[in-house]
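Subject: Structure handover

Hello,

Here is the structure I promised to pass on. My notes on what was found in it follow below the structure.

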Amino acid sequence: MKNNKNLKTWLDQMELNHPLVIAGPCSAESQDQVLNIANQLKNTDATILRAGIWKPRTRPGNFEGVGEIGLKWLKRAKDETGMQTATEVANPAHVELALKNDVDLLWIGARTTVSPFIVQEIAEALKGTDKIVLVKNPVNPDLALWLGAVERLHTSNIEKLGVIHRGFSTYEKTKYRNNPEWQIPIDLQNQFPDLPLILDPSHIAGRRDIIFDLCQTALDLNYNGLMIETHHDPDKAWSDAKQQITPKALEQMTIDLKIRKQEGEAIEFKNKIANLRTKIDVIDHKLTEILGKRMVIADDIGKLKKKSNVAILQNKRWNEILGKMILEGEDNNLSEEFILKIYKAIHQESINHQKRMNK
Ligand code: PEP
Ligand code: MN
């Protein structure tokens, strides 16, 4: 996909003086619920109302969405509040119904983006539409797959395109429901600076208390918008209850978030440096986390050596590691001196961990 300068036009045309905010429930539950939330959102920065009508659920038997009737509720909310509306489409039949009911923004969900067959079918059903179409990242951390989906839509002459970062599944338990892997959207942003990038902190977090920090990181990285699940009574929501916030909480959050304005040379410098520093912070955080994980393995090795009565220091193994890392360092533009310093320190910490296990 070429870097098309028109990609951001739809967002510029909205003439917002703040990042785009899309808010609304995970799922439409009833007409009253949709109208209640929409009317409360009128007092916030949110200009687009989201609600899932067809819900992809990991396991069968959970609430799978109200279906087509929900589109009428969204239309009613649009007529009452003037907000634009958004829903997820997962096949051509959904597309047809959403277009028929005048939904303004259609998004492709994370479980759909993984399937080029379905994305192609959706792209064909949407051919030439003037609606906004956003592509959520695939559940697996694969930038090419994400971009491939955007490309299929672009080839179908859909002009108002953008992407939503909603995090990636991992088998490992982390504090997130879906790991952010910030490096992936940062790479995407570097390759396609004109493709609007929107954060969905709700599905990354899976819980309310870290949504604010995720949003602030995204704004520091110059994301163009936020999609935040919002419910009038979050604890009673029929899906994703733990991660939804009230419209009031959303309003306060958008007041507290620091938005970096894009004017003037000094401000541009400050923005750029803040952006670069946030990237460094993200990487440093990962480095520390990964070193921690390495030490957990060192602990296990320590226990195993104790059980088998084997000496902690194994010189042959250590020299092999160093030799390999010096070569990998060369590939990554890192000097031998630096690699030696850093691996000696890591090795020492590893030995300390193993000794603790050996006591
Ligand atoms: C959603 O936005 O409600 C949703 C199902 O998201 P995702 O595709 O990111 O899981
Ligand atoms: Mn949800």
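**Two loop residues**

Asp 240 lies in the loop between strand 8 (225–229) and helix 11 (247–256); helices (H or I, at least four residues) and strands (E, at least two) are DSSP runs, numbered from the N terminus. Asp 240 has a positive phi of about 50° although it is not a glycine. With a relative accessible area of 16%, Asp 240 is buried (buried means under 20% relative accessible area, exposed over 50%, and partly exposed in between, with a 1.4 Å probe and protein chains only). Asn 157 also is a non-glycine residue with a positive phi, here of about 60°. Asn 157 sits in the loop between helix 7 and strand 6 (161–165), and at 52% relative accessibility it counts as exposed.

**Basis of the values**

This is a predicted model, in which local features need pLDDT of at least 70 and side-chain atom pairs count only at pLDDT 80 or more, while totals for chains, interfaces and linings use all residues. Residues are numbered from 1 along each chain as its sequence is written, chains are lettered from A and ligands numbered from 1 in the order in which they are written, and side-chain values use heavy atoms, with hydrogens and water left out.

**Overall**

The protein has 14 helices and eight strands. Its C-alpha atoms fill a box of roughly 75 × 50 × 40 Å along the principal axes. Of the 359 residues in the protein, 48% are buried. Among contacts (heavy atoms within 4.5 Å) with a separation of 6 or more, 73% are between residues 24 or more positions apart.

**Helix pairs**

Two packed helices are described by the angle between their axes and the distance between the axes. The axes here are lines fitted to C-alpha atoms, for helices over the stretch in contact, and angles run from 0 to 180 degrees between N-to-C directions.

Helix 6 (residues 116–126) packs against helix 7 (residues 143–155) at an angle of about 25°, with the axes 8 Å apart. That makes helix 6 roughly parallel to helix 7 (angles under 35 degrees count as roughly parallel, over 145 as roughly antiparallel, 65 to 115 as roughly perpendicular and the rest as oblique). The crossing of helix 6 and helix 7 is right-handed; a crossing is right-handed if the near helix is turned clockwise from the far one by less than a right angle, and left-handed if anticlockwise. Helix 6 contributes Pro 116, Val 119, Gln 120, Ala 123 and Leu 126 to the contact, and helix 7 contributes Leu 145, Ala 149, Arg 152 and Leu 153. By class, the residues of this contact are seven nonpolar, one polar and one charged (Ala, Val, Leu, Ile, Met, Phe, Trp, Tyr, Cys and Pro count as nonpolar, Asp, Glu, Lys and Arg as charged, and the others, Gly among them, as polar).

Helix 4 (residues 92–100) and helix 6 have axes that come within 8 Å and cross at roughly 30°. Helix 4 and helix 6 are therefore roughly parallel, and their crossing is right-handed. Pro 92, Val 95 and Leu 99 of helix 4 meet Glu 121, Ile 122, Ala 125 and Leu 126 of helix 6. That contact has six nonpolar residues, no polar ones and one charged.

For helix 2 (residues 31–41) and helix 3 (residues 69–81), the axes come within 9 Å and cross at roughly 30°. That makes helix 2 roughly parallel to helix 3. The crossing of helix 2 and helix 3 is right-handed.

**Cores**

The largest nonpolar core has 67 residues, and Leu 153 and Trp 182 have the most contacts inside it. A nonpolar core is a set of buried Ala, Val, Leu, Ile, Met, Phe, Trp, Tyr and Cys residues joined through side-chain atoms within 4.5 Å. Helix 7 supplies the largest share of this core, six residues. Beyond its neighbours within four places in sequence, Leu 153 is in contact with Ile 108, Ala 123, Leu 126, Val 133, Val 135, Ile 158 and Leu 161. Another core, of 13 residues, lies apart from the largest one and includes Ile 22, Ala 86, Leu 105 and Ile 132.

**Leu 49**

Leu 49 lies in strand 2 (residues 48–50) and, at 1% relative accessibility, counts as buried. Leu 49 and Ala 23 are 26 residues apart in sequence and 5.3 Å apart in space, C-alpha to C-alpha.

Regards
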